[in-house]
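Student: I am new to this one. Please show it to me, and then I will ask.

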Amino acid sequence: MRPRTPTVLAATLALALTAGPLAAPALAVPAPASARTTTAPDATALRAAIAGLPDADATAALVRVGGTAGSWHGSAGVHDLASGTAADPDARFRAGSTTKVVTAAAVLKLAAQGRIDLGKPVQHYLPGLLTRAFEPITVRQLLNHTSGIQPGDGWGDTFEEQYAHRFDTLTPRQVVASAVAKGPEFRPGTQQDYLNINYTILGLLIEKVTGHSYADEVARLVLRPAGMRDTYFPGTDPRIRGPHNHGYQAVRRADGTTELVDVTDWNQADRFAAGDMISTTADLQRLVTALFGGRIVPPGPELEEMFTVPAGIEGATYSAGFQRFELDGKVYWFKSGARYGYSTAVGGSRDLRRTLVYSVNSTDSKSEDMNKVAERIVLAALK
């Protein structure tokens, strides 16, 4: 399953700053060194960024800006369209591919404990998972999306196809089997191609090495140490437990009208370690603060993997769990994610001067264009 949304926050900024297409996965905007000082969050700009919801682009937005220079949090929009009640600022939501940050942290923590060798082939840990058509693929190459494994199959390519199967279960093993059957896309370590399949396999690796389920082990290694009490993995349960705002997808009908379809309930089991997490903005803010502060993965070579883009690969921007981009002379590490009805991002500067978490109830979260509300949030938070 190849993500079709702009998972690159840098591409978001490229759209906003240059009005160009969302094509390249990286953006470097040069600026003088004097621009490196981070000021307090601009509350006025942030309030304006989420004003007027619900609108055609989103029904709700939850935002937290933090860091050593100050903090701000706010919400806008509605809990659901039927009632029109205000959006719950503490609501849970589908965190999408920000799940990969947690998966990467768990693998790196196991590596720091000596239980996983990042330089060893995944075939060593999961014999028989890949066919002989695949050259040795290291754990590190799964983490930074240079494995060459092709995307696995889902329930279809269109919203309508996937929506028809929203309560059905596609297991991670089935997804991996469909990817393996296609053979390699390229030789390991020669290109970077961001794909869910890499982290689906890492989830299986965590289970094999620890002997426990992915959800249980990640809770032990990452969620509890970070204080993420409202984060969990639903597995085959299509519901979002606890307080949550509804998600909607805009669907164009044959008569040319647009209908907003409630997509809140959806079995996400096939996303597994690549995108199954349900969280809150407060929990994701705790995650990035704990990670960047060395309180989950201890300071050392393993933590450095989160801030290291593979060298020698043209256009590479992904590290283990995050993605690097520059704006106004500052380097940020972010991860975005999208499930139908929900668009999310988490990250910040490595020195924690500025962190940003948002969840936008996008009406077209799988669009190739960046959601306009999310775009405004990013620009307001990082100005």
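Student: How many cavities of 30 Å³ or more does the structure hold?

Tutor: This is a predicted model: local features need pLDDT of at least 70, side-chain atom pairs count only at pLDDT 80 or more, and totals for chains, interfaces and linings use all residues. Residues are numbered from 1 along each chain as its sequence is written, and side-chain values use heavy atoms, without hydrogens and water. A cavity is a set of points, on a 1 Å grid over the protein atoms alone, where a 1.4 Å probe fits but cannot get out. Of cavities of 30 Å³ or more, the structure holds 3.

Student: What volume does the second largest cavity have?

Tutor: Volume here is the space filled by probe spheres set on the grid points, which are joined across faces, edges and corners. For the second largest cavity, that gives about 70 Å³.

Student: How many charged residues are in its lining?

Tutor: Lining residues have an atom within 4 Å of a point; among them are Trp155, His165 and Arg339. Asp, Glu, Lys and Arg count as charged. The lining of the second largest cavity has 2 nonpolar and 4 polar residues, and its charged residues number 4.

Student: Why is strand β10 largely enclosed by the rest of the structure?

Tutor: Strands are DSSP runs (E, at least two residues), numbered from the N terminus. Buried means under 20% relative accessible area (1.4 Å probe, protein chains only). Val357 points one way from β10 and Tyr358 the other, and both are buried. β10 (residues 355–362) is largely enclosed because its buried residues are 8 of the 8.

Student: Which residue stands opposite Ser359 in β10?

Tutor: Strands pair if DSSP finds at least two bridges between them. β1 (residues 58–66) and β10 pair antiparallel over 7 bridges. Opposite Ser359 stands Leu62.

Terms used: 1 Å grid on protein atoms, 1.4 Å probe; cavity = no way out; pocket = protein on both sides within 12 Å on 5 of 7 lines; lining within 4 Å. Buried < 20%, exposed > 50% of the residue type's maximum accessible area, 1.4 Å probe, protein only. Helix = DSSP H or I, 4+ residues; strand = E, 2+ residues; numbered from the N terminus.
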